[in-house]
Amino acid sequence: MERLRFGIIGCGVIGQMHAEAIASLPDAQLVAVADTIVASAEKLGAKYGATPYAEYQQMLAEAPIDAVCICTPSGQHGQPACEAMRAGKHVVVEKPMEIRLERIQEMLAVQRETGRKLTVISQHRFDAASQQVHQLVEEGAFGRLVLGNAAIPWWRSQAYYDSGAWRGTWELDGGGVLMNQSIHSIDLLQWFMGPVKSLQAYTDTLAHTMETEDVAVAILRFANGALGTINATTGAYPGVTTRIEVFGDRGSAVIENDKLRFLRLARDEKEEVGAYGSAGSSHPEPEDNGAGASDPTNIQTSTHAAQIADFINAIREDRTPAIDGYAARHPVEIILGIYESARTKKEVSFS
């Protein structure tokens with residue numbers, strides 16, 4: 001079987017991760033890369049034997065590629081994605097899909113018009129822990145869901161934000177800790193708990209000099225009646241455990257740094273743990289282990305590779321990728337809702 005030929009637009013940290021993920025797959029090949037910083041394209045191209053381009057439009061027109069990974073700043077995902085699909089290429093977009101809903105709608109419209117495959121990186125849905133918890137939710141193993149929480153207490157230095165003019169800006173980053181660092185955890189929370197019905201939130205900038213927020217707290221009501229919270233910051237030195245909690249009246253699960261640290265389900269309908277509950281169980285001190293809490297480069301590429309492999313299979317089987325643009329729109333809607341609530345000091349509802 002011939003390998004699917006990839007191009008990458010954007011050769012920064014995320015572009016390098018995509019290149020590594022593609023190189024790890026036996027039925028994928030990186031053949032072209034593009035970046036307006038020519039030295040970055042040349043360096044990445046040399047490492048993987050790919051032709052470098054200064055302009056992605058030239059790459060789309062000339063390079064023998066089947067698919068493109070969009071790894072530009074968040075506010076610059078829509079245009080190259082649409083141009084690539086119109087050029088007949090299938091598209092992988094790094095999170096977030098885009099930072100404005102009207103651009104997301106345009107991307108979805110172009111995908112429908114062209115019939116190209118479109119996936120948006122939500123690689124933590126491919127973690128073993130996420131897969132297990134989601135399956136248990138689907139089976140109703142937790143009983144009635146009552147509470148779901150996501151905590152992302154990360155650290156980013158001022159030097160991190162100063163390292164790129166787009167970082168921490170509304171125009172190109174689309175936000176701060178929520179849109180950039182927390183979107184994966186928010187995606188998992190709503191994947192487990194279901195759609196968000198309404199929310200109320202606060203955001204602030206307390207630890208850095210930047211346009212956007214470095215701390216945020218939101219209270220959620222899910223469509224199924226459950227409540228929940230999101231709390232996130234890039235001001236928690238030195239970067240602490242990322243935690244997602246799912247609680248129901250028949251079971252509970254806790255994921256820490258992408259690992260399932262606690263799972264307890266009622267064995268049968270008659271099982272009781274006593275009027276005051278159970279003390280639970282202890283767990284080893286969690287480590288960063290590739291979650292990126294303190295270092296954005298310390299993120300494992302295996303789940304990126306798993307999602308790109310699903311994308312390749314979707315192309316060959318002519319099916320919808322596991323995470324399409326419609327799924328990727330949901331966490332962006334939640335984040336934009338948090339920003340609106342924090343700005344207006346009012347509850348935001350979703351239709």
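Visitor: Which residues of α10 are buried?

Guide: A word on the model comes before the reply. This is a predicted model, in which local features need pLDDT of at least 70 and side-chain atom pairs count only at pLDDT 80 or more, while totals for chains, interfaces and linings use all residues. Residues are numbered from 1 along each chain as its sequence is written, and side-chain values use heavy atoms, with hydrogens and water left out. Helices (H or I, at least four residues) and strands (E, at least two) are DSSP runs, numbered from the N terminus. Buried means under 20% relative accessible area, exposed over 50%, and partly exposed in between, with a 1.4 Å probe and protein chains only. In α10 the buried residues are T303, H304, A305, Q307, I308, D310, F311, I312, A314 and I315.

Visitor: Against which elements do the buried residues of α10 pack?

Guide: Contact means heavy atoms within 4.5 Å. The buried residues of α10 pack against the strands β1 (4-9), β2 (28-34), β4 (67-70), β5 (90-93) and β6, and against helix α1 (13-23). Of the seven residues in β2, six are buried.

Visitor: What span should helix α10 have?

Guide: The expected span of a helix is 1.5 Å times one less than its number of residues. Helix α10 (residues 302-317) has 16 residues and should therefore span 22 Å; its end C-alpha atoms are 22 Å apart, which agrees. Just after α10, D318 takes a positive phi of about 50°.

Visitor: In which sense do β1 and β2 pair?

Guide: Two strands pair if DSSP finds at least two bridges between them. β1 and β2 pair in the parallel sense, over six bridges. R5 stands opposite Q29 in β2.

Visitor: What is the order of the eight strands in the open sheet?

Guide: The order is β13-β12-β11-β7-β10-β9-β8-β14, and the pairing is mixed. At the edges are β13 (259-265) and β14 (348-349), each of which pairs on one side only. Strand β8 (residues 196-204) runs antiparallel to β14, and two bridges join them. The bridge partner of L199 in β14 is V348.

Visitor: Which strands does helix α11 touch?

Guide: For such angles, axes are lines fitted to C-alpha atoms, for helices over the stretch in contact, and angles run from 0 to 180 degrees between N-to-C directions. Helix α11 (residues 325-344) packs on the sheet and touches β8, β9, β10 and β14; its direction makes about 55° with that of β8.

Visitor: Is L227 buried, exposed or partly exposed?

Guide: L227 lies in strand β10. L227 counts as partly exposed because its relative accessibility is 38%. Leaving out residues up to four places away in sequence, L227 touches V146, L147, G148, M193, L220, R221 and F222.

Visitor: Which residues have the most contacts inside the largest nonpolar core?

Guide: In soluble globular proteins, nonpolar side chains tend to be buried together. A nonpolar core is a set of buried Ala, Val, Leu, Ile, Met, Phe, Trp, Tyr and Cys residues joined through side-chain atoms within 4.5 Å. The largest has 65 residues, and those with the most contacts inside it are M59, L178 and I230. Another core, of 24 residues, lies apart from it and has F6, A19, V33 and A41 among its members.

Visitor: Where is the place of H124?

Guide: H124 is in the loop between β6 (118-120) and α6 (128-139). H124 is buried, because its relative accessible area is 12%. Leaving aside neighbours within four places in sequence, H124 is in contact with S130, H184, L188 and D258.
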